[in-house]
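Hello,

Here is the structure we spoke about. Please open it first, then read my notes below.

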Amino acid sequence: MRFRDFIIRRGLQIIPTIIGLSILIFYITRVMPGDPVRLYLGLEATEEQVQYYRKLFGLDKPIWQQYIDMWINLFSKGSLGLSLYTNRDVLYDILYYLPATLELIIISMIFSAIVGSLLGVLCAIYRNRWIDHVLRVIAISGVSSPRFWTGLLLQLVVAYYLGLLPMVGRADIPITRVTGFYLIDSLITGNFEGFVDTIRHLILPVITLSFSPIAQIMRLVRASILEELGKGYVFTFRAHALPENLIYLKYMLRNALIVAITIIGMLFGFFVYGAFEVEVVFGWPGLGWYTVRVALYKDFNAIVGAVMTIGIIMVVTNYIVDILYGYLDPRIRIRMEVK
């Protein structure tokens with residue numbers, strides 16, 4: 001199978017996945033207990049007011065017709081409906097809150113890949129010594145510790161008792177919004193104080209979100225390095241009296257980073273749903289923080305829009321990973337052609 005045909009075929013498989021996800025989420029939001037209109041209007045609303053707003057939001061129509069209207073409004077008007085929580089269009093809210101989540105996830109992924117790889121190499125260099133044992137215990141703790149507990153612990157110790165970093169929020173210094181990514185916006189506008197302030201607010205959420213991925217990457221990189229030790233090129237370099245640190249860091253680390261990058265791609269889903277907990281704990285105004293609030297408010301339009309956005313991000317990410325695998329390993333394309 002040609003690589004172009006592989007890309008097209010995998011891309012076509014995304015369409016039924018997204019449609020199926022949208023139907024499931026849309027139906028669930030419409031059959032949830034409680035009346036979102038009465039919650040929106042309050043307990044003193046009259047029956048006439050309730051019926052008026054039910055008609056305004058299209059809730060008087062059959063579910064299948066509401067679903068079709070959603071897609072028609074999206075493609076014709078660029079609208080996902082009114083949010084009961086913010087009184088703004090849901091699409092506007094998603095575009096407003098999504099950059100904060102992506103900024104947190106991207107920084108966490110980069111941080112996890114770098115720190116996890118370096119710690120994995122360190123464990124391999126000092127294998128079966130005290131530093132290796134300590135880091136492996138930390139790795140087990142990182143995998144088993146709930147994210148919300150880790151975040152609360154960091155808030156209590158680092159932010160509250162030591163006062164080293166902010167406890168909640170995204171920035172204390174006002175930043176002119178250009179792209180929605182505060183690190184980029186602060187540099188574009190020359191607000192270097194805001195850039196530093198954004199980094200200070202990012203540190204604790206990034207550590208919390210990255211703790212478990214770092215542990216997993218560290219363990220896999222350590223295993224990969226130890227496997228590389230038995231290969232011929234390592235014996236050749238040692239025979240030529242190359243320094244051990246040079247062999248580890250220049251040659252073996254390069255192969256270990258491939259493992260780290262592969263794991264990061266597989267862990268992307270973890271970063272996405274893990275960001276929900278982290279955003280709630282740290283008051284990070286991202287899409288996860290927004291979704292939790294609209295869910296508590298039974299804001300059906302916002303729930304559908306937010307969950308669909310997250311689902312599309314997951315599907316597209318998996319598609320990109322599949323394309324990269326198909327490019328790097330033609331055997332994947334061959335197996336797909338056989339199927």
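Predicted model: local features only at pLDDT ≥ 70, side-chain atom pairs only at ≥ 80, totals over all residues.

Residues are numbered from 1 along each chain as its sequence is written, and side-chain values use heavy atoms, without hydrogens and water.

**Helix α13.** Helices here are DSSP runs (H or I, at least four residues), numbered from the N terminus. α13 covers residues 268-282. Its 15 residues reach 20 Å from first C-alpha to last, close to the 21 Å expected at 1.5 Å a residue (1.5 Å times one less than the number of residues). α13 bends by about 30° at A275 (the angle between axes fitted to the seven residues ending there and the seven starting there). In α13, 11 of the 15 residues are buried (under 20% relative accessible area, 1.4 Å probe, protein chains only). Among them are F270, F271 and E279. Just after α13, G283 takes a positive phi of about 60°.

**Its partner.** The axes of α10 (residues 192-228) and α13 come within 10 Å and cross at roughly 145° (lines fitted to C-alpha atoms over the stretch in contact, angles from 0 to 180 degrees between N-to-C directions). L204, P205, T208, L209, S212 and P213 in α10 meet F270, F271, G274, A275, V278 and F282 in α13; contact means heavy atoms within 4.5 Å.

**The serine.** S108 lies in α6 (residues 90-125). S108 counts as buried because its relative accessibility is 0%. Leaving aside neighbours within four places in sequence, S108 is in contact with V206, L209, S210 and F271.

Best wishes

Key:
Helix = DSSP H or I, 4+ residues; strand = E, 2+ residues; numbered from the N terminus. Buried < 20%, exposed > 50% of the residue type's maximum accessible area, 1.4 Å probe, protein only.
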